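Trainee: I would like to learn how to read cores, helix packing and chain contacts from a model. Please show me the case first.

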Amino acid sequence: MLKTVIPFGPQHPVLPEPLHLKLTVEDEIIIEAIPAFGFIHRGLEILAGLRDFHQMVQVVERVCGICSMIHAMCYCQGIEEIMGIEVPPRAKFLRIIWSELHRIHSHLLWWGLFADSFGFESLFMQLWKIREKILDIHEATTGNRIIVSVNVIGGVRKDLSPEQIQWIQSELVEVEKEINRLGTTLLTDYTVKMRTVGKGVVSKDQAYELGLAGPTLRASGVAQDMRQLGYSGFNEIDFEPVVETGGDCYARSKVRFRETLQCIDLIRQAMSKLPVGEIAIKVKGKPQGETVVRAEQPRGELLYYIKADGSKNLDRLRIRTPSFANIPALVTMLPGQYLSDVPVIVLSIDPCISCTER
Amino acid sequence: MLGEVISVSLDDVIEKVAKKKVEGCRFVTMSCAELDENTIDILYHLDKDLKLVSFRLTVPRNAAVPSISPVYFAAFLVENEMQDLFDIRFTGLVIDYERTLYLEEEVKITPFCKYSISAANRQKTISSAPSGGP
Amino acid sequence: MFKMTPNVLKNLLSPKATRRYPHEVRPPFENVRGELCNDIENCTFCSVCAVKCPSQCITVDKKAATWTCDPFACVFCGICVDVCQAKCLHQKHGYRIPVLGREIIFMQGKAGPKKGNDLNREKSSCWSKNG
C-alpha cells in the first residue's frame, strides 16, 4: 500500500489562522497527523519585561482578536490577586456582561466558519449578520467593536447607563429570536448532519486524559467549566455547564449552540442584579509574588501564570490558551477519517492559532 | 489561586506525576521561569475537580529532564515549546521536533532567556525599544 | 417540488438586508474611540500620556513645547485620554481615513506656563483633512 504525505498547509481557505498538519494518507484514509505551528509567533510574553504591568493589559488583549476581553480580565484578576485588591461589585457584574457578549460573538463567528467549511455559505452570511448586532452593542457601550479595551487593574473603564441597559435588552430579544430561527437549520438539516455526525469522535476517557478544554471536552460528556470556580461574580448567578455525550463534531456544535443561548440568559441575570457603586478603585504600589489564575474563554480553559518581583515590570508572564490544549487532540482524532473530512474536524475544535502561539 | 505546590526532584518527577494520573488528575500545562543565570524553574500544573495542584522542579540550566509525555500524551507540545524557547533538553519525548517548532535550524540563541543576554546588551535593547516613530 | 418558491418570492420582494453604503452611512456611536487629537493651547507638556502609552507612540518635549504622535503606531486604546491632566486630549468619533504616505503628527505649543495661543501645525504633503 502506497502512503502519501499531504501537507494540510498553513494557508487553507477554511482555516482562520495558519496551522500546518502533516497528514500521512493511504487510499483516502488518514493514518497519521502531526501538527506544526509557529507561523505567527510574536513573542508577547517577552514584552512583559519591557512594559510595565499597567500597560501589559493592552498588550495581553491583543494576544487574540476574538476573545480579547477575557484575556484582559484574567490578567487583571491575577494582578489583583497578587496585590490583594478587591474589585467593586458593580465592576464584577459589568465584566460578566461584556465577557458573555464576547462569548456570543465568538460562537457566532465560529458557527459561520463551520458552516462555510462544508460549503453552506448562505448560512455563514446569515449568522454573521446576527453577529453585527452584538458588535454594535460593543461599539456603543465601550468604543470599539472587538478589542473592547474596557478592563483596567482595579475595575472597568466604562459604565452602562440605564438607557443603554434597556437598549441591550431589546437587542438581545431580537438576537435570541434569530438564533432560534437558524437553530432548526443548524441542528436538524440533513446535509449538516451527514457532514458532522460520527466524525472525529473522542471518547470521555480520551478527552479527560488528553487534557482537552472547553466545548471540545464538554461535548464528550465531562462537565467542567471554569466559570464554576465562581470568579468575578459568577458565584452569584445561576450557572450550569452545558454537556453533550456524542463526542463528535455534531455534539461540539450543539454544545456551542446551547452555550450561546445560555449566555443570553446569563447577561439578563447579570443586568437584573447589577449593583450600584463605583466601577474602579485606584491602584498604588507594585506587585510581588506569584499566582496562577484561570478563566473560561469561548474556546476553553485559559491559564495565566504571573510572577512578579516588586519592580514595575513582571518577571514572568506565561499564558496557556485552550487551543494549545486542543491541538494534541488532532493527533488522536484524525487517524481513521477520510481526507475530505479533515477541514470540518480541524474547525470543530475551534483553533485560534494566534492565541496558541502568542 | 496557586493551590498546593509540591517540590520534586529530577529522579521522582515522573513517578509523582504518574501517581497523580492514577488518582484521576487532568494535565493542564507546564510553565517555565528563569530564576537566575544558572537555574530554571519548571512547574507542572495538574487539575482535579477544579482544584489545581502544582509540582515545582528546579534544575540547573543544561540538565536533561525526563519527559512526561509517555505518561500524559498532551505534554509533548509544551515540552517541545520549552525546548525551543528555553533550551532545556527533554529525554524520551514521544514526538520530538528538535528545536524546529518555532525556530529555524540556524538559530542558536534562546529567545526567552533574559539572563543569558549580558547586562550591557540588555541595556542597549531596552533603550532602543520602540519610543515613537516608524 | 414547490417548497422553495415561497422562499424565493419572499426574498425577491423583501427589502435588502444590507445598507447601501456609501450612499447611506450609519452615524457613528457616541463612545467610539477614533482618531486622537490634542488641543495644544491647553497642553501643559507634563508627559503623563507619553509615559502611560502602551505602544509608546507619543513623545513630549517640555522645553521645546512639542507634542509628537505616530498615528500608525497608536492602537486607539484611549489610556492617554483617561490620564491627561489638562484634559486636552480627546478622540474623534470616526476612524482615520486611509492616506498614501506615513506621517507623524507634530504639534508646537507655546513654551513656558500654559495658555499658548499659537498653533503651528506642520503639514506634510499628503496629510488630508478629515473630520
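This is a predicted model: local features need pLDDT of at least 70, side-chain atom pairs count only at pLDDT 80 or more; totals for chains, interfaces and linings use all residues.

Mentor: Residues are numbered from 1 along each chain as its sequence is written, and chains are lettered from A and ligands numbered from 1 in the order in which they are written.

Trainee: How many residues has the largest nonpolar core, and which have the most contacts inside it?

Mentor: A nonpolar core is a set of buried Ala, Val, Leu, Ile, Met, Phe, Trp, Tyr and Cys residues joined through C-beta atoms within 7 Å; buried means 20 or more other C-beta atoms within 10 Å of the residue's own, with C-beta atoms placed from the backbone. Here the largest core has 129 residues, and A:Tyr75 and A:Leu330 have the most contacts inside it. Helix H3 (residues 89-117) of chain A gives this core its largest share, 14 residues. Apart from it lies another core, of 17 residues, including C:Phe45 and C:Cys80.

Trainee: Which residues is A:Tyr75 in contact with, leaving aside its neighbours within four places in sequence?

Mentor: Contact means that the C-beta atoms of two residues, placed from the backbone, lie within 7 Å. For A:Tyr75 the partners are A:Met56, A:Val57, A:Val60 and A:Tyr304.

Trainee: At what angle do helix H4 and helix H5 of chain A pack?

Mentor: Helices (H or I, at least four residues) and strands (E, at least two) are DSSP runs, numbered from the N terminus. Axes are lines fitted to C-alpha atoms, for helices over the stretch in contact, and angles run from 0 to 180 degrees between N-to-C directions. H4 (residues 121-142) and H5 (residues 162-188) of chain A pack at about 170 degrees, with axes 11 Å apart. H4(A) is therefore roughly antiparallel to H5(A), a label for angles over 145 degrees.

Trainee: Which elements of chain B touch chain A?

Mentor: The contact takes 24 residues from chain B and 27 residues from chain A. On the side of chain B, strand E2 (26-34), strand E3 (39-48) and helix H2 (75-86) give two or more residues, and E2(B) gives the most, with six residues.

Trainee: How many residues of chain A are in contact with chain C?

Mentor: 13 residues of chain A are in contact with ten residues of chain C. H4(A) gives the largest share of the chain A side, five residues.

How values were computed: A residue is buried if 20 or more other C-beta atoms lie within 10 Å of its own, exposed if 12 or fewer, and partly exposed in between; C-beta atoms are placed from the backbone. Angles under 35 degrees count as roughly parallel, over 145 as roughly antiparallel, 65 to 115 as roughly perpendicular and the rest as oblique.
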